[in-house]
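Keep the viewer open as you read.

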Amino acid sequence: MSPLQPPSPSLLDKYHGDETLALYTGRVRVTGGEAAHGRASGVVRSDDGALDAHLRLPVELGGPGGGSNPEQLLAAGYAACFHGALLLLATRAGVALRDVAVEAAVTFARDPMDGLFLLSADIRVSLPGVERALAAELVRNTERVCPYAKMLRHGIDHVVVLASEPEMSSSAGRADPA
């Protein structure tokens, strides 16, 4: 097996087309687990088996903790995407970065508008040894490029549908290997 390599900065090249060009789709399936409730005791598995995590309601929400939760999973994706986009931009700009760290916090909260729930996110970037103005420019440019940052700022196209039974049965084999 060859050593892991970062993606090419050419990934940042602009696309010129009339429609969205899908590059990759990640697929997961959540089942209810012991309490028959995805948030409280669920299991999330990716269709390729690389992700297999037990979900638990955090102690702060009255649960037992001891597993991951949707906020942590979103924060992980956001931080990883931002980190990758930042490094691609720095490489393209000829800026050497070392010991980069990106911390993401996703907060589950009550929404004062409708009395239900909302999410908020914070990203903190550490670029040791990089002059402050250059670091700020890199972070600002990364916010413009990172798909997670764009999604959280502008929203995301999404579809929610009730799947047919045969559709769910066929996806179960892919996403939930026993």
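Start at Val30, whose bridge partner in strand 2 is Val44. Before going on, note that this is a predicted model, where local features need pLDDT of at least 70, side-chain atom pairs count only at pLDDT 80 or more, and totals for chains, interfaces and linings use all residues. Residues are numbered from 1 along each chain as its sequence is written, and side-chain values use heavy atoms, with hydrogens and water left out.

Strands here are DSSP runs of E with at least two residues, helices are runs of H or I with at least four, and both are numbered from the N terminus. Two strands pair if DSSP finds at least two bridges between them. On that basis there is an open sheet of three strands in the order 1-2-3, with antiparallel pairing. Strand 1 (28-31) and strand 3 (52-54) each have a single partner strand, so they stand at the edges and one side of each is left without a neighbour in the sheet. Ignoring direction, neighbouring strands of this sheet are turned by 15° against each other on average.

Now zoom out. The protein has five helices and five strands, and along the sequence they follow the pattern β-α-β-β-α-β-β-α-α-α. Its C-alpha atoms fill a box of roughly 50 × 40 × 35 Å along the principal axes. Of the 178 residues, 23% are buried, where buried means under 20% relative accessible area, exposed means over 50%, and partly exposed is in between (1.4 Å probe, protein chains only). Among contacts with a separation of 6 or more, 44% are between residues 24 or more positions apart; a contact means heavy atoms within 4.5 Å.

Next, the other strand pair. Strand 4 (residues 101-110) and strand 5 run antiparallel, joined by ten bridges. Ala101 stands opposite Ser126 in strand 5. Six residues sit between the strands of this hairpin, and there Gly115 takes a positive phi near 80°. Further along, Leu119 lies in strand 5 (residues 117-126). Not counting residues up to four places away in sequence, Leu119 touches Glu71, Leu74, Val106, Thr107 and Phe108.

What about the inside? In soluble globular proteins, nonpolar side chains tend to be buried together. The largest nonpolar core here has 16 residues, and those with the most contacts inside it are Phe82, Leu86, Leu97, Val100, Leu127, Leu138 and Cys146. Such a core is a set of buried Ala, Val, Leu, Ile, Met, Phe, Trp, Tyr and Cys residues joined through side-chain atoms within 4.5 Å. Helix 2 (70-93) and helix 3 (132-145) are the elements that give two or more residues to this core, and helix 2 provides the largest share, six residues.

How do the helices meet? The axes of helix 2 and helix 3 come within 9 Å and cross at roughly 120°. Axes are lines fitted to C-alpha atoms, for helices over the stretch in contact, and angles run from 0 to 180 degrees between N-to-C directions. Helix 2 and helix 3 are therefore oblique to each other, since under 35 degrees counts as roughly parallel, over 145 as roughly antiparallel, 65 to 115 as roughly perpendicular and the rest as oblique. Helix 2 supplies Phe82, Ala85, Leu86, Leu89 and Ala90 to the contact, and helix 3 supplies Leu138, Val139, Asn141, Thr142, Glu143 and Val145.

Helix 2 also packs with helix 4 (residues 147-154), at an angle of about 125° and with the axes 8 Å apart. That makes this pair oblique too. Here Leu74, Gly77, Tyr78, Cys81 and Phe82 of helix 2 meet Pro147, Tyr148, Ala149, Met151 and Leu152 of helix 4.

Finish with the backbone. Most residues other than glycine have a negative phi, and most peptide bonds are trans. Ala36 has a positive phi near 55°, and this residue is found in the loop between strand 1 and helix 1 (38-41). Asp99, also not a glycine, has a positive phi of about 60° and lies in the loop between helix 2 and strand 4. Ala36 is exposed at 65% relative accessible area, and Asp99 counts as exposed at 64%.
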